[in-house]
Amino acid sequence: MINILLVFFNEVIEEFFNVTWRSRHNQSIPDHSLTFLWSLSVSIKDFGALLGSLGVKGLADTFGRRNAILIVNALSVVGASLMFMSKVTASFEVLIVGRLIFGLFCGLVMSLNPLYIQGVSPTNLRGAFATLNQVSFASGILLGMVVGLETVLGTEKYWSLMLSLSLIPATLQYMSLPFCPESPRYLFINRGKEKEAEAALRRLRGNPEMVTKEMEEMREEAAHSETGVTVREFLRKRRYRQPIILVLIINLGSQLSGFNAIINYSTKMFAQSNFDEAKYLTLGVGAVNVAFTIVAFFLVERAGRRKLLLAGFLSLALCNLLMTITYSIMAIVPDIRNMQVLVIFFLISAYEVGPGPISWFIAAELFDQSARPIAMAFTSMLNWGGKFLLALLFPPLLVCASLVFST
């Protein structure tokens, strides 16, 4: 959500950079410095998330899935507080550090959440419940777009308050998660606490037959699971080779789908004629994003992961082809812009029905309990690494594309 906020009301943040620079140097900020600070502010969160991914295994295995989420929530609180204080202290350095710390939180929690959800969900509904993680992510994107409007909080007066909104979900989690059970799979397979795992299952299921069935399933998994899988063993063991390739292909495909570029830069892409109209079209993108993530929640168990991935990636390929064609002839046929908007909406829906949610939780299903945290960290690194590269490379690529298609 925080990246969407920055992109959605970039003029306000750029003015903050300019005012701060002028107060220090008695002159307006040079264009190259403004571009650098803006790019750094946008990309530093994704870089922090990439670094945060490295700590997933250590936190998940040492403190447990639930407690690890509670611990990393402190990073959200600190990051949001620093972003809020950046205006009071008139320091863009504080804003950038706050985004870095918040990025560390994102890199950790986007892996820890699926791990915990996978551990507490019923076997036949794990995919659907894991999709809820993407539902909350998509809802955060839409919320960021809404509060970024000038009629809400996207103003010079309230932008720092807007960047501290992540304190609300962090507070709610601190109030609710301590009353939730730890993952039974973690308690049983990682810690060997069979009685505690069974008690947690009884709280979660309430059905003795389901508890007995899942306990037997965990005993079987524990019998075939190794303890203490290292990163080196994870990369070298033959049994993990095919799942690693699958996770790599799915996540690279997800990052190269064009979804992140549209979400982060849709306002600029739409702003061919009217910037206010572009903002409301971007809100439409956010609404479609949420709607089709909810559709995925109902489809993922019925249609299956493979069918949704194949249909999603084929649709994304077609959408990107149409996007390239419409963008290349827009100068000749201006009315083709309306078709481009429809293609963007269809691309978002194709992404969220399949590759979007599935890419985040598929690793939790392909690997056994001992390798699962490393697999989720690997997934997080692929996703956040792709977002970081996009934040660095997309603006100059967009300029190059404009030059190519305008000649």
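Predicted model: local features only at pLDDT ≥ 70, side-chain atom pairs only at ≥ 80, totals over all residues.

Residues are numbered from 1 along each chain as its sequence is written, and side-chain values use heavy atoms, with hydrogens and water left out.

**Whole chain**

The chain has 20 helices and 0 strands. Both are DSSP runs numbered from the N terminus: helices are H or I with at least four residues, strands are E with at least two. Of the 407 residues, 52% are buried. Buried means under 20% relative accessible area, exposed over 50%, and partly exposed in between (1.4 Å probe, protein chains only). Among contacts between residues at least 6 apart in sequence, 78% join residues at least 24 apart. A contact means heavy atoms within 4.5 Å.

**Helix pairs**

Two packed helices are described by the angle between their axes and the distance between the axes. Axes are lines fitted to C-alpha atoms, for helices over the stretch in contact, and angles run from 0 to 180 degrees between N-to-C directions.

| Helix pair | Axis distance | Crossing angle |
|---|---|---|
| H4 (residues 56-63) and H5 (residues 65-88) | within 7 Å | roughly 125 degrees |
| H7 (residues 126-147) and H19 | 9 Å | about 130 degrees |
| H2 (residues 10-25) and H6 (residues 92-120) | within 10 Å | roughly 135 degrees |

The angle makes H2 oblique to H6. H4 and H5 are oblique to each other, and so are H7 and H19. Angles under 35 degrees count as roughly parallel, over 145 as roughly antiparallel, 65 to 115 as roughly perpendicular and the rest as oblique.

The crossing of H4 and H5 is right-handed. The crossing of H7 and H19 is right-handed too. A crossing is right-handed if the near helix is turned clockwise from the far one by less than a right angle, and left-handed if anticlockwise.

In H4, Leu59, Ala60, Asp61 and Phe63 meet Arg65, Asn67, Ala68, Ile71 and Val72 of H5. This contact of H4 with H5 has 6 nonpolar, 1 polar and 2 charged residues. Ala, Val, Leu, Ile, Met, Phe, Trp, Tyr, Cys and Pro count as nonpolar, Asp, Glu, Lys and Arg as charged, and the others, Gly among them, as polar.

From H7, Arg126, Gly127, Ala130, Thr131 and Gln134 meet Gly356, Pro357, Trp360, Phe361 and Glu365 of H19. The contact of H7 with H19 divides into 4 nonpolar, 4 polar and 2 charged residues.

H2 brings Ile13, Phe16, Phe17, Thr20, Trp21 and Arg24 against Phe92, Glu93 and Leu95 of H6. Here the classes are 6 nonpolar, 1 polar and 2 charged residues.

**Ser359**

Ser359 lies in H19 (residues 355-366). Is Ser359 buried or exposed? Ser359 counts as buried because its relative accessibility is 0%. Its side chain reaches the backbone oxygen of Pro355 at 2.8 Å. A polar atom of that side chain also lies 3.0 Å from the backbone oxygen of Gly356. Beyond its neighbours within four places in sequence, Ser359 contacts Ile250, Asn251, Ser254, Thr379 and Asn383.

**Glu233**

Glu233 sits in helix H13 (residues 231-236). Glu233 is partly exposed, with a relative accessible area of 32%. A polar atom of the Glu233 side chain lies 3.1 Å from the backbone nitrogen of Thr230. Not counting residues up to four places away in sequence, Glu233 touches Gly228 and Tyr240. The C-alpha atoms of Glu233 and Ala371 are separated by 9.3 Å, and these residues are 138 apart along the chain.

Methods. Polar contact = N/O pair within 3.5 Å; in protein donor to acceptor, adjacent residues only side chain to side chain.
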